Amino acid sequence: NAVIGIVGGGQLGRMSAMAAARLGYRTHILTQDASGPAAQVSDAITLGAYDDPEALEAFARAVDVVTFEFENISADALDHLSRHCPVRPSGHILRISQDRLAEKTFLSQAGIPLAPWHAVQERADLHAAAERLGLPLILKTTRNGYDGKGQIRVHDAAELENAFDSLAPHPLVAEGMVDFACELSVMVARGTDGTVRCFDTVQNHHWQGILDLTLAPAPVMDAIAQDARTLATRIAQALDLVGIMGVEMFLSRTGTLMVNEIAPRPHNSGHWTMDACPQDQFDLHIRAVAGLPLPPAVRHSDAVMKNLVGPEDMALWPDIVATPGHIPHLYGKAQALPGRKMGHVNLLFPFGGLPGEFGIRAALGPLATRCAAPDLAEQES
Ligand code: ATP
Ligand code: MG
Ligand code: MG
C-alpha cells in the first residue's frame, strides 16, 4: 500500500493521517515534533526542519506522494520534493496562498471579488492606502499570519506609522475594513481528473481572532450559498488545485461576497464534515492527493462545530464528554496553552433542522458559556 507523505505535524495532519489509514494508505510525516498530533497517529516520521535538505531527502525517499497541512513551509522545498514524487497541491499554489500580496494579485486577475486592498511595500505607501481605503483599515503582514496574528486595526491616521513599525516582516498589505453581515467559507476539493466537489457553504464566528463556531449550512439565502460555492470552484480551477482548499469570504450587508483568504489544505471551518458527511474534508483531500475519484461532497445532517481553545475550554472537558450529543475530537496536544486549538466538538441536527440562536445555545450545553458568537453571547473585537 502506498505511502502518503504529509509535511507538518499538527491537527490537520493528524486528521488527514486518520482518513488516509481508513482508505488503506500508510502515512509518513515530516515534522519537528516527534510526539505532536500527527506523529502520534502516523506510521512513520522524519524528524527535521521543513527546509533541511537532508530531512527532505530522507522524507522524499520514504513516500509515494506528498501533501502539506501547514502553509508556513518553503515552497522551494516542495519544488525540490516534486522532483521525486507528485506534490499535491503544488508548490506553485502554496507560493500564492502563503503570501497575501501574491494571493490578492492572483485572485484579482482571476476576476474574484475581494475586500478593497492596497500594497504597503514601504512607509511611504501608507498614506495612499489610507486615502484609497479610508479609515478604519487593517494592516496585515503578507506572510506567516494565522488566527488573527500579524494584523492591526488602524482607526486614525496618527496610528498608521506605529502600526507599520510594529508589524514585521515587511512588506504589508492594507485592507479596507469590511462591515460584513457575516463570514462564510466553502471547502472545495478538486481531483487529478479535474472533478470539483464543494461542501455546503457554512457560516463562521470568530472570537479574539480565532475561529470559534461554524454553522452548517450557513443560514443565508440559497442563491448566496450557491454563489459562494461557484466562487470557490472558480478559484480551484484557476489554481489547477489537486487536494482540498478552504475559501474564506465576507458577505456584505448589501449581499455581496468578497473573498478574504484561501488555504490550500484541510481547514478548521471544514471540521463539521467529520460527523455530518459520509465522506469528510480529510477523506476527499486524501482521495484527491492519492489520485482516486472524488465522491460527491454531500451532507446528511446539519451541524454546529465549536472549537476547544486554550485552558478555559479544556476545563469543561469532563462536562463535554458527559453531554449526550456532543461529538468530541481531541488533537492529543500535551499542554492547553492560551489560544491553542486543543480540539473541537460537533453537534448534529436533522438535515434542514439547524436551530436558531436559542436552540444552538441549548445544544451547546456546558459550552454555551464559552461561546462567543455575537448572537449567542457578548462578542469581543
Ligand atoms: P486564519 O486563522 O483564518 O488564517 P488570519 O490570521 O489569516 O486567520 P484573516 O482571516 O485575514 O487572518 O483575518 C482574521 C479575521 O479578522 C477574519 O476572519 C475577520 O473576522 C477579520 N478580518 C480580517 N480582514 C478583515 C477586513 N478586511 N474587514 C473586516 N474584518 C476583517
Ligand atoms: Mg489565514
Ligand atoms: Mg482567516
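**Ligand site**

I began with the placement of ligand 1: domain 2 (116–176) and domain 3 (180–370) both contribute residues to the shell around it, so ligand 1 lies between them. The domain bounds come from an automatic or database domain assignment. I note that this is a predicted model, in which local features need pLDDT of at least 70 and side-chain atom pairs count only at pLDDT 80 or more, while totals for chains, interfaces and linings use all residues. Residues are numbered from 1 along each chain as its sequence is written, and chains are lettered from A and ligands numbered from 1 in the order in which they are written.

I then listed the shell. There are 16 residues around ligand 1, and A115, G145, D147, E175 and V178 come nearest; a residue is near a molecule if its C-beta atom, placed from the backbone, lies within 6 Å of it. By class I recorded 5 nonpolar, 5 polar and 6 charged residues. Here Ala, Val, Leu, Ile, Met, Phe, Trp, Tyr, Cys and Pro count as nonpolar, Asp, Glu, Lys and Arg as charged, and the others, Gly among them, as polar.

D147 sits in the loop between β6 (137–141) and β7 (151–154), where helices (H or I, at least four residues) and strands (E, at least two) are DSSP runs numbered from the N terminus. Its phi is positive, about 50°, although D147 is not a glycine.

**Whole chain**

I read the confidence next. The chain averages a pLDDT of 95, and 97% of the residues score at least 70; pLDDT is the predictor's confidence in each residue, from 0 to 100. Over residues 377–381 the pLDDT is below 50, and this stretch has 7 contacts in the model beyond near neighbours in sequence. Two residues are in contact if their C-beta atoms, placed from the backbone, lie within 7 Å. Where pLDDT is low, the predicted coordinates should not be read in detail. The model scores ipTM 0.98 and pTM 0.97.

I found 13 helices and 17 strands in the chain. The division is into domain 1 (3–87), domain 2 (116–176) and domain 3 (180–370), and the C-alpha centres of domain 1 and domain 2 lie 34 Å apart. Buried residues make up 45% of the 381 residues.

**Loop residues**

I checked H271, in the loop between β14 (257–263) and α9 (273–276). H271 is buried, since 29 other C-beta atoms lie within 10 Å. Leaving aside neighbours within four places in sequence, H271 is in contact with M305 and H344.

I checked D240, in the loop between α8 and β13 (243–252). D240 has a positive phi near 60° and is a residue other than glycine; with 12 other C-beta atoms within 10 Å, D240 is exposed.

G194, in the loop between β9 (180–190) and β10 (196–198), is exposed as well, with 11 other C-beta atoms within 10 Å.

I recorded two cis peptide bonds. The bond from A168 to P169 has omega near -10°, and P169 is in the loop between α7 (160–166) and β8 (172–176). The bond from A216 to P217 has omega near 0°, and P217 is in the loop between β12 (210–216) and α8 (222–239).

Definitions and conventions:
Buried ≥ 20, exposed ≤ 12 C-beta atoms within 10 Å, placed from the backbone.
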